[in-house]
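Please look over the sequence and the model before reading the points below.

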Amino acid sequence: PWYDTVAKKLYFSSSWHDGFGGYDIFRSNYDGQFSSPQNAGQPYNSPANDLYYFQYGDTAYFSSNRIGVNYSKNITCCSDIFSAYPIPPPPPPLLTDSTPPPKRESLIELSKRLPVTLYFHNDCPDPKSRDTLTRVNYIVGYGEYREMLAKYQTEYSSGLDSAKASSAREDIENFFIEYVDQGVRDLELFRNLLLEELQNGARINLTVKGFASPLAKTDYNVNLTKRRISSLVNYLREYDHGIFAPYLDGTASNGGKVQFTQVPFGEYTANKLTSDNFHDQKNSVYSRSAAIERKIEIQSVDYIKEDSLIFLTNITPTMLDLASIGITDSITRELTFVNNSSDTLMILRTEVDNHYLDVQIPNMIAPKSEVQIRFTNHSSLPSGLFSFQARLYFVGHDQPLLIPINGEGH
């Protein structure tokens with residue numbers, strides 16, 4: 001702890017729940033008694049351990065093992081001294097009986113918790129399945145994954161000399177603490193804020209992206225990432241005796257609703273240096289580089305307006321998966337577009353990144369009807385794993401509908 005005798009503030013570090021992860025720096029005013037501690041916020045705090053805060057002049061100093069430190073074994077093994085200028089802003093005044101209550105955290109505050117990143121064991125949930133849905137609750141799967149730490153340490157350190165084996169075991173343990181466990185803590189904070197918004201009648205769309213390591217085939221990994229997103233939905237549906245269920249089903253009496261835009265990338269965005277050798281599971285399954293690819297991310301949160309395209313339409317499937325394809329192959333693929341509204345929707349224009357594909361869709365889509373979105377090509381596709389987007393712009397709507405397009409060109 002460090003006490004500022006001029007400003008009468010106590011600074012200290014704690015792993016208290018109202019933080020970013022690890023130890024965070026907190027401050028408390030002293031006026032005969034100490035006020036409730038308040039998190040000093042970013043950039044002073046991070047998901048790592050932030051300690052020993054003090055001020056000298058107009059500069060703040062603290063110790064941290066955040067990513068970016070000089071390290072000898074792994075990226076967060078060691079601490080460095082950081083400085084920050086100017087010093088943190090003063091905390092808000094203490095509340096009195098005449099002080100109006102603070103405004104509840106808004107969607108902006110909810111967005112500050114993003115991305116929420118959740119990790120999975122290889123081929124989980126539901127190994128060797130091509131289903132796109134699962135009955136597994138993410139937290140149940142997390143518990144099973146967490147119990148595998150010792151196996152990860154044993155497998156990843158096998159065949160190494162004593163010093164390197166010790167470093168490998170420590171590296172994997174740090175991954176579980178700083179990534180896997182931190183993801184669950186972030187989810188809990190986000191869940192509580194989300195529930196508060198819904199209980200106040202908000203209609204919210206969550207965009208969730210799914211990723212996989214490159215061990216399995218491309219089309220298999222896309223379905224796997226869909227199951228992983230499904231496990232998150234299951235978690236919310238089952239949490240606290242189904243408190244989220246009315247909002248997920250759109251039956252809440254206050255009109256609150258939450259829905260998901262799923263973007264299952266599979267391994268299309270995975271590090272190309274990550275091993276995909278089934279016979280080398282030390283590196284393709286149990287290494288940090290492979291484990292860090294197996295995740296889903298809650299990446300954005302948006303209010304759904306009554307006239308929002310997200311609310312008015314559906315595209316099935318939600319993405320165009322070209323799988324393994326020759327870069328000069330002729331392409332004709334279709335997705336189904338549904339107009340759920342009572343009004344005619346009019347296409348303003350369509351766009352595709354780098355003009356890889358042409359998009360054909362009727363200029364006018366009648367109310368309560370469906371049409372086909374046709375994709376064709378007039379130029380070569382990129383080689384290797386690729387991921388780009390198509391955008392559909394509609395009259396009267398500023399934001400387009402986005403359609404992810406993934407594949408592997410050869």
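This is a predicted model: local features need pLDDT of at least 70, side-chain atom pairs count only at pLDDT 80 or more; totals for chains, interfaces and linings use all residues.

Which residue in β3 does Ser14 stand opposite? Ser14 faces Asp24 in that strand.

- An open sheet is built from four strands, ordered β1-β2-β3-β4, with antiparallel pairing.
- Strands β1 (2-4) and β4 (38-39) are at the edges and have a single partner strand each, so one side of each lacks a neighbour in the sheet.
- Strand β2 (residues 9-14) runs antiparallel to strand β3 (residues 24-29), and six bridges join them.

**Helices α2 and α4**
- Helix α2 (residues 138-146) packs against helix α4 (residues 162-199) at an angle of about 165°, and their axes are 12 Å apart.
- The two helices, α2 and α4, are therefore roughly antiparallel to each other.
- The crossing of α2 past α4 is left-handed.
- On the α2 side, the residues in contact are Tyr138, Ile139, Tyr142, Tyr145 and Arg146; on the α4 side, they are Phe175, Phe176, Ile177, Val180, Asp181, Val184 and Leu187.
- By class, this contact of α2 with α4 comprises 10 nonpolar residues, two charged residues and no polar ones.

**Salt bridges**
- There are 11 salt bridges in the structure.
- One of them links Asp171 with Arg288, whose closest N and O atoms are 2.8 Å apart.
- Asp171 belongs to helix α4 and Arg288 to helix α8 (residues 288-291), so this pair ties together parts 117 residues apart in sequence.

Methods: Residues are numbered from 1 along each chain as its sequence is written. Side-chain values use heavy atoms; hydrogens and water are left out. Two strands pair if DSSP finds at least two bridges between them. Axes are lines fitted to C-alpha atoms, for helices over the stretch in contact, and angles run from 0 to 180 degrees between N-to-C directions. Angles under 35 degrees count as roughly parallel, over 145 as roughly antiparallel, 65 to 115 as roughly perpendicular and the rest as oblique. A crossing is left-handed if the near helix is turned anticlockwise from the far one by less than a right angle, and right-handed if clockwise. Contact means heavy atoms within 4.5 Å. Ala, Val, Leu, Ile, Met, Phe, Trp, Tyr, Cys and Pro count as nonpolar, Asp, Glu, Lys and Arg as charged, and the others, Gly among them, as polar. A salt bridge is a side-chain nitrogen of Lys or Arg within 4 Å of a carboxyl oxygen of Asp or Glu.
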